[in-house]
Amino acid sequence: MPVTGLEPYDDQNIFARILRGEIPNKTVYEDECALAFHDISPQASVHVLVIPKGPYVSSVDFAARASDSEIAGFWRAVGKVAAALGLETEGYRLLSNHGLNAGQEVPHFHVHVFGGGPLGRMISANH
Ligand code: 5GP
């Protein structure tokens, strides 16, 4: 089933299972708000996913339902991850897919952190 980003949270999604420790991951950073781990299919030299610990389907769901402290904690964690990966000086890219046009695959809100070399200009798409 394609992910719309608007469906109810599915607690069997792969990131929910990673959060419960049912599936292993290569953790980069963890605190009370967020978990960061290497993407299983990296699209850049460095490709890390940062996910909130709470059950949010998409960026829209996270913005609507997460508490202020969860939102602040999550974005602080994203910054800490970039620093922990040593990407602050050379630069990096953040990306989050919501729903159909973005091709979201996993229905648990996440931010991709890309780095480790030049990333090109923005996105390539047919438009
Ligand atoms: P999306 O397309 O939803 O923005 O990105 C989902 C990402 O999750 C993809 O880049 C995909 O490679 C990654 N992914 C899917 N399953 C797993 C998994 O079991 N472990 C890890 N580490 N990454 C996964």
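## Before you start

Keep in mind that this is a predicted model.

## How the strands line up

Let's begin with the strand pairing. Strand 1 (residues 27-30) runs antiparallel to strand 2, and three bridges join them. The link between strand 1 and strand 2 is a hairpin of three residues. If you want a spot to look at, find Thr-27, which stands opposite Phe-37 in strand 2.

Strand 2 also pairs with strand 3, antiparallel again and over five bridges. There, His-38 has Val-48 of strand 3 as its bridge partner. Strand 3 in turn pairs with strand 5, also in the antiparallel sense and over five bridges.

## Strand 3, covered on both sides

How many of the residues of strand 3 are buried? The count is seven of seven, so to speak a mostly covered strand. In a regular strand, side chains alternate between the two faces of the sheet. Here, one side of strand 3 carries Val-46, Val-48, Val-50 and Pro-52, the other carries His-47, Leu-49 and Ile-51, and all of them are buried.

The largest nonpolar core has 17 residues, and the members that touch the most others are Ala-36, Val-48, Val-50, Phe-62, Phe-74, Val-81 and Phe-109. At least two core residues come from each of strand 2 (34-38), strand 3 (46-52), helix 3 (68-84) and strand 5 (111-115). Helix 3 is the top contributor, with four residues. There is also a second, separate core of seven residues, with Phe-15, Ile-18, Phe-37 and Ile-51 among them.

Skipping neighbours within four places in sequence, Val-50 is in contact with Ala-34, Leu-35, Ala-36, Phe-74, Val-78, Val-81, Phe-109, His-110, Val-111 and Val-113.

## Around the ligand

Which residues come nearest to the ligand? Of the 17 around it, they are Asp-39, Asn-97, Glu-105, His-110 and His-112.

Now for some distances to ligand oxygen atoms. A polar side-chain atom of Asn-97 is 2.8 Å from one, and an N or O atom in the His-112 side chain is also 2.8 Å from a ligand oxygen. Val-106 uses its backbone instead: an N or O atom there lies 3.0 Å from an oxygen atom of the ligand. On its own the ligand exposes 520 Å², and the protein buries 86% of that.

Gly-99 is in helix 4 (residues 99-102). Is Gly-99 buried or exposed? Gly-99 counts as buried because its relative accessible area is 1%, with the cut-off for buried being under 20%. Leaving out neighbours within four places in sequence, Gly-99 is in contact with Val-3, Thr-4, Gly-5 and Gln-104. Glu-7 is 92 residues away along the chain, yet its C-alpha atom is 9.7 Å from that of Gly-99.

Asn-13 sits in the segment before helix 1 (14-19). Asn-13 is buried too, at 4% relative accessibility. The Asn-13 side chain makes a polar contact of 3.1 Å with the side chain of Tyr-9, and one of its polar atoms lies 2.9 Å from the backbone nitrogen of Phe-15. Not counting residues up to four places away in sequence, Asn-13 touches Val-106, Pro-107 and His-108.

Note on methods
Residues are numbered from 1 along each chain as its sequence is written. This is a predicted model: local features need pLDDT of at least 70, side-chain atom pairs count only at pLDDT 80 or more; totals for chains, interfaces and linings use all residues. Side-chain values use heavy atoms; hydrogens and water are left out. A nonpolar core is a set of buried Ala, Val, Leu, Ile, Met, Phe, Trp, Tyr and Cys residues joined through side-chain atoms within 4.5 Å. Buried means under 20% relative accessible area, exposed over 50%, partly exposed in between (1.4 Å probe, protein chains only). Contact means heavy atoms within 4.5 Å. A residue is near a molecule or strand if one of its heavy atoms lies within 4 Å of it. A polar contact is a pair of N or O atoms within 3.5 Å; within protein, one must be able to donate a hydrogen and the other to accept it, and residues adjacent in sequence count only if both atoms are side-chain atoms. Accessible areas come from the Shrake-Rupley method with a 1.4 Å probe; for residues, only the protein chains shown count as cover. Two strands pair if DSSP finds at least two bridges between them.
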